[in-house]
Each structure stands twice: as structure tokens, then as C-alpha cells.
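Reader: I would like to learn how to read a few features of a protein model. Please give the general idea each time, then the case at hand.

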Amino acid sequence: MTQETFDGPVNEPKQDETPSTGTSQSVIIARDVLPEDLPIAPLFYRPMFPKMMGPVTVDNEELMKIIMAKAEDSAPIYLGLVFVKTPEGEPATGPTNPSAGDFHKVGVAAKVLQISPPHKTGPYQMLVQALERFEVVQMIAEKPVFRARVQYRFETEFENNEELKAYSVAIIEVIKELVQLNPLFKEGLSFLLEKINFQEPGALSDMSATMTTASGEELQEILETKSIRVRIEQALILLKRELEISKLKVQISKRIEERLSKQQREFFLKQQLKEIKKELGLSKDDAESEIDKFQKRIKKLELSEEAQERINDELEKLRLLEPASAEFNVTRAYLDWLTILPWGLYTEDNYDTKHASRILERDHYGLRDVKDHILELIAVGKLKGNLSGAIILLVGPPGVGKTSVGQSIARSLGRKFYRFSLGGMRDEAEIKGHRRTYIGALPGKFLQAMKTCKTANPLIMLDEIDKVGASFHGDPASALLEVLDPEQNKDFLDHYLDVRFDLSKVLFICTANQLETIPPPLLDRMELIRLAGYILEEKMEIARRHLLPKQLKIHGLTSKQVEFPRDVMREMIDGYAREAGVRGLENCIKKILRKSAKAIIEDNVPSVKVKKADLSKYLGRRMFSEERMFKIPRVGVVMGLAYTALGGATLYVEASPVPSKSAGFKQTGQLGQVMVESSEIAYTYIRSLFKNDKKAIDFFSRNLIHLHVPAGATPKDGPSAGITMACAIYSVVVDRPIIANATMTGELTLSGQVMPIGGVKEKVIAARRANARNVILPEENREDFERLDAHIKKNITPHFVSTFDEVLKIGFPAPALKNSKH
């Protein structure tokens, strides 16, 4: 059984009247007509109060049978309405099947006034009049219906004093305020004014409490309260709380309405202003204004026939579309790209070779090959009238200045510079754009570069072209074939634009650390320029001219505050920055300047002079130790030269005999397949070299030769260490070390021929860094060595060989050939 709403009290016909103190109001005496034994109907939402009338629902069939039986006899029907307790964690409706212990102890006796027939199988609807409070003395039965013996709490005499009058007036005032804030309370106030006798504070407290949104348990507490003064005070508290909630609701509603009103007002004003301007001819609608903007752009461009036709078609389409449609925005974005690209707009190139030479010399030290190539390119452009078709690939280790060279070329030519990295790029759409059918589609990087530079002949630098990836999205390296082909890029077709754009006037400069990962068809389209690493003297000049002044400015210091003597710079480069590039050197300078700045501030010294003895304090332990193995020649140890992605490097090869019952050969040092094969060729060739020497044959038969290349954690591969490994094995056999200060590189064949190798410049620079004066090179690399700058070849004695016999004559004196090891 559930209670729904309460409308107000209905006066029972008078049976007896007893005048109360200080008032002429009559009181109903119901003790003679209300039974002490009542069937109990549960209330789940809120309790009812005396003198209230309202509908309730009954879904207990047994209880309805009792009620309907009395109704047929035309006898008065009385029920006990008791609120069911709401346990913690349970919904506000209470338990669905209450027991006797789930009822509160205080309820109201009610008279059934009207019964409505149920709708199909639904519960019965009844209109009841609550009469008096009662207290449950004992639950007589639970089945088939709840029945209880009750004791009534009649209010036969009403207290009336000044305090209760004050409470009554306060309640009325609060209700009046509530009516102003919430019109829903207006009906309740009207009922109070018409039906409630203000000389009855108990009835006033009951009625006012039911007008609030308080919970059922809070209302039950008021119902159970005997003292009228306490009861009316509790009702006043609930009303006050209701008043605060209503005020807060009004504030929230007011803020929202103000915000909405402001937005609506601005919207209407903007719409009116737009219409007024339109009538006066001062403005146009969205479509017309966009079309005017595109047409103004077109006047400044030299469009191709294909582009002009596509733009005209799209403009006609835009005129027919509604601005609110999604297709309008797609077409507008497409036209925006079509008209913002620099069709036929070019910057004028500066072909002054002297001007270009000054910029290149100012920005870079060394790099003579690169500078000469750029100046030759500019000279050709001056004769030809343009630099179209030039695609340059700068290959070299990190930190040698590949990117900065591209920026210097752009400045010398007077072209706009745009750079983006291809490293890790796996999506073909990054190059050729997305098709317009996709949401958020954009052109590729090259057309974005055209838009940014606002010219059709910028210098575009493609960094890290050797690190382009491939995935299920496509192969960007294959997409670059069209871009970097002078015969194709004049009609470059981007998927988004779908109109051919001329990229033939663009000067492309690509950078890479190695060539092995660049696809051959792509490499074939580019002109290769190698940037080798720097030797110590070059690094010192670069540090003095560029790195140190730049970092002094960044750190807020001057050359007077921090002094870097040349011997300190030399020691720092030799011990901490031997890599091919200068990034490691620049990082070392940063560390020293930071510590110097701290010393100037904390120690309050005017300047700091960096000393060699202080380098370990500034930079920690020396990273590159002296080459002790090289300084003291040892049997079976030979230094070779290698070329890596980081530039040239020295590579030691060690060989050692291990007594064994049979001949054998093993290699360690994480060697690649090609290097393993080279070592086996070297071992086979040395054995064949001593095929007529019985002592050497006996040595091989009783020893396993173990070949090791130090730095075992670093993978190594390539054929150029062939003669180095052969010399190490030969040194073990003859029991003699190679001559001092010698290093070598070259591929060895089974017949003893020395084949040419690559990276001569990088390897010679590595030899200089290691202070190796005697460098053995293949004869076919003589021309590569002679092309090197004089300062790189300084103090280097080259030895060019065609066969391994020539290597032995240089590395091992003639007497060594007679002293084979037993």
C-alpha cells in the first residue's frame, strides 16, 4: 500500500464538543468511535498526519476483501496507516515484503471515504481521511493481514501561549517567502489560511511539515513527537531548510537564464546586423564572401589550365550549396587549398658565387668538397637561368653540419627554407596526401611546404631519408620516387589536391647517416656528397669560431669571464669528444660553462680560467684513453680502420694460438656474416702462404687460432678488415709484431689480391685521431687519398698495395719471413 498526495484535512461530523481554554473552536472527540483493534496498511514513501486527506493504494488482496465486506454492510471502514522503516542501504521505498518489526511504533487511524475499482489486475485506489495519532501497543497478527492493538494520542486540550503564537507566525512567514520563490507552495498556503485554525499549533505543525520535501523518516519523527512546542519547532526547521534550497534553486536558474539571455540577445543582434548590412550592400552571405576571397587570390596567381578549370567548377558548386551543409565546408576547405598554393610564384635566385662563398665560409669551417659542389651548382644555375632538377644527398655521421649546410645554401641563394624529417615516417599519405573522402583529409608534406613558404621554388630539406619506414599504410620511400625525379615532379599529383603541381623548380637537399638503408631506385635519383668527420685541428677551429661564442651567448657569459686556452681545448677534444661530429664537443663546452657560471655566482669571482687538470672535475672520467695497445706493438695485435654511420673509427684485431690436438679456427667479437667470411679467407690464405714451411705446418696442426675483435657488444661487419685479420694471424705464426704506428684497411681475396674499399677520408681521419702515421691502403684508392685536403693528410705516410705480399713487406721486415714459430 502506498501513499501518493495529500490535499488537506476533512472535518469529521461533530459528535461531542468540549470548549478549549481561550478559544471558541470546537474539538472532535473520536475516542468513542475509533476502534482499538485496527487492520494495518503499510506506507512506504511518507507518513500521513491527522486531519489530512489523500489517496492510497492497496495491493493486499486479503485486506481488500475485509474492506469490501464492510463497504457492502455500509459500516464505517477504519484502517491504521503506519510508515515502514527504511533500513540503511535500502531504497527509500523500504522493504518490499515488510514484517511486523519493520513498522514504526506511531501511525494514524484513517477512515476510508471512497474506493475506486482496480484497473485490470492493478491495485485498489482509495481516498482516506486521517483522524488521530496512535501508538502500536501490540501486533496481534501478521497474516492474512497485519492487525494491531493501538492506543490513541488524542489532543483534547490545546495549549496556547505567546511562544507557540510566535512559532505559528514564523511558519506562516516562511511559507509566504516560499510562495514567492516557488509557486507550488501557493496552493498549500491558501489551504492553511482557509482550513487551519491558528489557535491549533499542533495541526499547523503537521500541515506545514507535509508541504516540505523532507524525507519520510524526518516526517515520521515529527509524527511521533508528543510535545506541540517541539513538534512545531521541528516543522519550522524543515521549512527553513526548504527555503534555503528554494533560494539556491532560484540563484542557479537566474544564472542560467542570464547566460542564455545574453547568448540569445547577441545572436539576434548579430543576425539583425547581418541583415542590415546585407540590405545596405555592406556585406554578403557566407558563400558570397568566401567566393570573393577565393577570386581575389586567383588574380594574384598564374594558374595552370587544369587548376583553373577545377577551381571554376568548385566555385560553381560552392554557389549552389547551403552554408549549413557539410558539403559546403568540404568544398570550401578544398578551394582554400587550391587558391592558397603559390601557382607560378617564384622568388628570384641570387647567382653571385662570391656572395655564396662568403656565406658558406662564414657558417662552416672545412667541408671543401661540399662548398665547391654548391658553388658549381650556383654557377650552372647562372648560365642556365634556373636551378631546376638539382637533388642533393648529404651523407655523413651525426653532428657534421648536414642540416646547417642546407640552411646556408638557402641563404646564399635567397630562397625560402623548409625542413621536415622523414625519420620513422610510415604512411604514404604523409608524402602524397589523403584522399578527400576521408574526414580531416590534408595534402602531403610537400604541398604544405609550398603553402608555408608562399613560393613554388623553395629549398626543401628532407632530413633522415635513410630512416624512412614502411607499414600497411604504404611505403613512403616509393612515394618519394615521384617527388625526387626531375622528369616526374613537374607533374606531381597529390591525392588530396588531385591537380598536378609543378615541383621541378624546388631545390631538394636530403640528409642521411648511411646509404645501406636507402632503396637503390631512390638513391639513383640523387647526387651524392659525403661529409666526413672532423679531425682534431678542425674541431678546434670550429669550437673557436662557432661553438664557444654561441654557447657563451646562450649562457649569458663573455669571453673575458671564461677563458679556454688552446691546450685545454685540444685535451678536451682528444679525451672527451673524439666522435666524427661536433655535438659531443658542444655538450662538453655546455657542461664547463654551466659549472663556470655557478662558480662565478657562488664564489663571487670575476672570471674562470679552465685548466687541463680541471677537466676531470668538469667532465668526469676521461672517455677516450690513450691507445696503449697501439703504442706498444704486440704479437698478434693489429689496428685496422673501419667506416660506420658515426664516421671513421679504429678497429683492433687480436689473434692468439691455443694448443690443440688438431688445427682449428674460431672468431669472436659479434662479427657479421661478411666479416666472418673475410676472417676465414684470411686464415686460409695465411695457411696457403706457409704450405712449404714444415715448421709453420706443424704449428697450425698443433694450435687452434682464436681471432677476436674487441668491443664485443658492438656489431661489426664488412670485408675491409681482410688484410688486418690476415696480418694478425701472420704475426702469431711468425711470432713478431707489426711495425709501430701502422694501421691498414683493405679487402683480401683467396689469391692474395687487395681490393679497394670505401670511406677513405673517414678512415684517414680516424687514423689521424689515433696518431697512426703509417696507413696501408689499396692501390686503387690512391686517387681517393690524393684528393683529400692537405691538413687531413698532414703527418700521414700512405702505403698503397695491390697484393698481400706488399702488405707483409711494409708491416713485417724481411727477416721476419725466415723466423716462423715452432
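Reader: What should I know about the model before reading anything from it?

Author: This is a predicted model, in which local features need pLDDT of at least 70 and side-chain atom pairs count only at pLDDT 80 or more, while totals for chains, interfaces and linings use all residues. Residues are numbered from 1 along each chain as its sequence is written, and side-chain values use heavy atoms, with hydrogens and water left out.

Reader: How many helices and strands does the protein have?

Author: Helices (H or I, at least four residues) and strands (E, at least two) are DSSP runs, numbered from the N terminus. Here the protein has 28 helices and 25 strands.

Reader: What share of the residues is buried?

Author: Buried means under 20% relative accessible area, exposed means over 50%, and partly exposed lies in between, with a 1.4 Å probe and protein chains only. Of the 822 residues in the protein, 46% are buried. Contacts can be read as a total too; a contact means heavy atoms within 4.5 Å. Among contacts between residues at least 6 apart in sequence, 75% join residues at least 24 apart.

Reader: How many salt bridges does the structure hold?

Author: A salt bridge is a side-chain nitrogen of Lys or Arg within 4 Å of a carboxyl oxygen of Asp or Glu. The structure holds 35 of them. One joins the side chains of Arg241 and Glu218, at 2.8 Å from N to O. Arg241 is in helix H6 (residues 228–280) and Glu218 in helix H5 (residues 216–224), 23 residues apart, so this pair links distant parts of the chain. Arg241 is partly exposed at 38% relative accessibility, and Glu218 is partly exposed at 24%.

Reader: Which parts of the chain does the pair Arg297 and Asp336 tie together?

Author: Start with the bridge itself: the side chains of Arg297 and Asp336 meet at 2.7 Å, N to O. Arg297 belongs to helix H7 (residues 286–299) and Asp336 to helix H9 (residues 326–340), so the pair ties together parts that are 39 residues apart in sequence. Arg297 counts as partly exposed at 21% relative accessibility.

Another salt bridge runs from Arg310 to Asp498, with the closest N and O atoms 3.9 Å apart. Because Arg310 lies in helix H8 (residues 305–320) and Asp498 in the loop between strand S11 (492–493) and strand S12 (500–501), the pair ties together parts that are 188 residues apart in sequence. Asp498 is partly exposed, at 35% relative accessibility.

Reader: Which residues are linked in a network of salt bridges?

Author: Glu361, Arg368, Lys371 and Asp372 are linked in such a network.

Reader: How do I read the span of helix H11?

Author: The expected span of a helix is 1.5 Å times one less than its number of residues. Helix H11 (residues 368–384) has 17 residues and reaches 24 Å from its first C-alpha to its last, close to the expected 24 Å. Its buried residues are Val370, Lys371, His373, Ile374, Leu375, Leu377, Ile378 and Gly381. Among the elements covering them are helix H10 (353–363), strand S8 (391–395) and helix H12 (402–413). Just after H11, Gly385 takes a positive phi of about 100°.

Reader: How is a pair of packed helices described?

Author: Two packed helices are described by the angle between their axes and the distance between the axes. Axes are lines fitted to C-alpha atoms, for helices over the stretch in contact, and angles run from 0 to 180 degrees between N-to-C directions. Helix H17 (residues 536–554) and helix H19 (residues 583–602) pack at about 45°, with their axes 10 Å apart. H17 and H19 are therefore oblique to each other; angles under 35 degrees count as roughly parallel, over 145 as roughly antiparallel, 65 to 115 as roughly perpendicular and the rest as oblique. The contact includes Ala543 and Leu547 of H17 and Ile589 and Leu593 of H19.

Reader: Where is Pro144 found?

Author: Pro144 is in the loop between strand S6 (124–141) and strand S7 (146–153). The peptide bond from Lys143 to Pro144 is cis, with omega near 0°.

Reader: Is Asn771 buried or exposed?

Author: Asn771 is exposed, with a relative accessible area of 54%. Asn771 lies in the loop between helix H25 (760–769) and strand S24 (774–778). Its phi is near 60°, a positive value in a residue other than glycine.
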